Amino acid sequence: MMQVQRVVLNSRPGKSGVPVPENFCLEESTLATDLEDGEVLVRTLYLSVDPYMRCRMNEDTGADYLTPWQLSECVDGGGVGVVESSRCSTCTEGDVVTSFNWTWQTYAVMKGGVLQKVGHMLDGCVRVVGICGSNDKCSALVEDLGFSAAINYHQEDVPTRLKECCPDGIDVYFDNVGGAISDTVITQMNNGGHVILCGQISQYNKDVPYPPPLSEEIQETLRSKNISRERFMVLNYMNKADAALCELSQWVKSGQIKVLETVVNGIENMGDAFCSMMKGGNIGKQIIKISA
């Protein structure tokens with residue numbers, strides 16, 4: 001047995017409530033380290049907090065592919081760690097591994113079959129424009145990531161700036177926000193455009209189904225301009241996950257992909273980091289460093 005720290009769901013914010021750090025609770029617990037065949041003991045290096053997790057805080061997530069977190073039980077999500085010991089043929093001590101179902105605790109026993117090894121480690125767009133909520137984020141998009149332009153929706157008139165930045169209209173929209181911003185972008189899209197529906201963070205504190213319903217006006221815009229709107233869900237592409245992870249790792253190493261991260265130290269800060277992410281307090285990926 002070993003002592004571990006873990007984060008459990010302490011309370012629910014309510015379907016239309018705003019999450020607070022007190023919804024989560026840090027606990028001391030024990031972990032049985034006697035491994036069965038196919039199991040590995042991992043030490044957590046990093047944990048991820050992501051917008052979709054807001055849905056898992058409800059008793060009903062609103063999506064059949066998402067299970068709700070249970071009160072007083074350890075929560076889970078994306079994570080990276082190192083194998084401490086193994087009884088799995090595909091994992092050896094020292095391997096750095098990742099999973100979408102990583103428990104929020106300092107150490108964990110996991111099935112080797114759900115782990116992917118992390119390798120030792122946007123094509124064809126004439127103009128790329130980002131929309132975000134702070135000048136720091138705008139600077140990061142343009143100066144660090146090479147975007148053509150960035151729009152601060154808190155300080156700028158989004159419809160006007162979009163027309164300035166995309167004078168020939170918009171062909172592809174990667175939608176992570178939903179709501180009024182997405183409606184504005186869709187109205188300026190070209191015929192035959194494509195919306196990649198990845199997330200709707202502006203709507204997650206509302207009691208609405210996923211994807212949230214569109215207004216009749218926006219639906220008519222999609223129809224009249226023959227704009228496709230397709231959900232992008234990683235679970236539909238798990239057969240390509242290993243190859244994608246390898247290729248993405250190489251792109252990061254070579255500098256073809258630049259990675260921006262907001263890193264918070266300590267498992268005790270998981271609740272704070274989650275709530276900050278939901279309010280846009282992160283620049284790039286919000287992660288929590290658990291151990292070195």
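Is aspartate 76 buried or exposed? I looked it up, and aspartate 76 is buried, with a relative accessible area of 13%. I take buried as under 20% relative accessible area, exposed as over 50%, and partly exposed as in between (1.4 Å probe, protein chains only).

**Ground rules.** I am working on a predicted model, where local features need pLDDT of at least 70, side-chain atom pairs count only at pLDDT 80 or more, and totals for chains, interfaces and linings use all residues. Residues are numbered from 1 along each chain as its sequence is written, and side-chain values use heavy atoms, with hydrogens and water left out.

**Salt bridges.** I use the term for a side-chain nitrogen of Lys or Arg within 4 Å of a carboxyl oxygen of Asp or Glu. The structure holds 10 of these salt bridges.

I began with the pair that holds aspartate 76. Its partner is arginine 56, and the closest N and O atoms are 3.2 Å apart. This pair links distant parts of the chain: arginine 56 sits in helix H1 (residues 53-56) and aspartate 76 in strand S4 (residues 76-86), 20 residues apart. Helices (H or I, at least four residues) and strands (E, at least two) are DSSP runs, numbered from the N terminus. Arginine 56 is buried too, with a relative accessible area of 7%.

Next I checked arginine 6. It forms a salt bridge with glutamate 27, with 3.2 Å between the closest N and O atoms. Again the pair links distant parts of the chain, from arginine 6 in strand S1 (residues 2-9) to glutamate 27 in strand S2 (residues 24-31), 21 residues apart. Glutamate 27 counts as partly exposed because its relative accessibility is 26%.

Then I went to helix H5 (residues 216-224). Glutamate 220 and arginine 223 both lie there, 3 residues apart, about one turn of the helix. They form a salt bridge, and their closest N and O atoms are 3.1 Å apart. Glutamate 220 has a relative accessible area of 39%, so I log it as partly exposed. I also noted one network, in which salt bridges that share partners join Glu156, Arg161 and Glu164.

**Backbone.** Where is the cis peptide bond that I logged? It joins tyrosine 210 and proline 211, with omega about -5°. Proline 211 is in the loop between strand S11 (189-197) and H5.

I then looked at positive phi values. Serine 72 has phi near 70°, a positive value in a residue other than glycine. I found serine 72 in the loop between H1 and S4. Its relative accessibility is 53%, so serine 72 counts as exposed. Asparagine 226 is not a glycine either, yet its phi is positive at about 55°. Asparagine 226 lies in the loop between H5 and S12. At 60% relative accessibility, asparagine 226 counts as exposed.

**Helix H4.** Which residues of H4 (residues 179-187) are buried? I list Ile181, Ser182, Thr184, Val185 and Ile186. The buried residues of H4 pack against strand S8 (129-132), helix H3 (158-165), strand S10 (170-175), S11 and H5. Contact here means heavy atoms within 4.5 Å.

**Surface patch.** Last, I looked up a nonpolar patch. Phe100, Val234, Leu235 and Met238 make it, at about 330 Å². Methionine 238 lies in the loop between strand S12 (228-231) and helix H6 (241-254). I log methionine 238 as partly exposed because its relative accessibility is 34%.

Note on methods
Patch = residues over 30% accessible without salt bridge, like charges linked within 9 Å, V, L, I, M, F, W, Y side chains within 5 Å. Areas by Shrake-Rupley, 256 points an atom, 1.4 Å probe, with all protein chains shown as cover.
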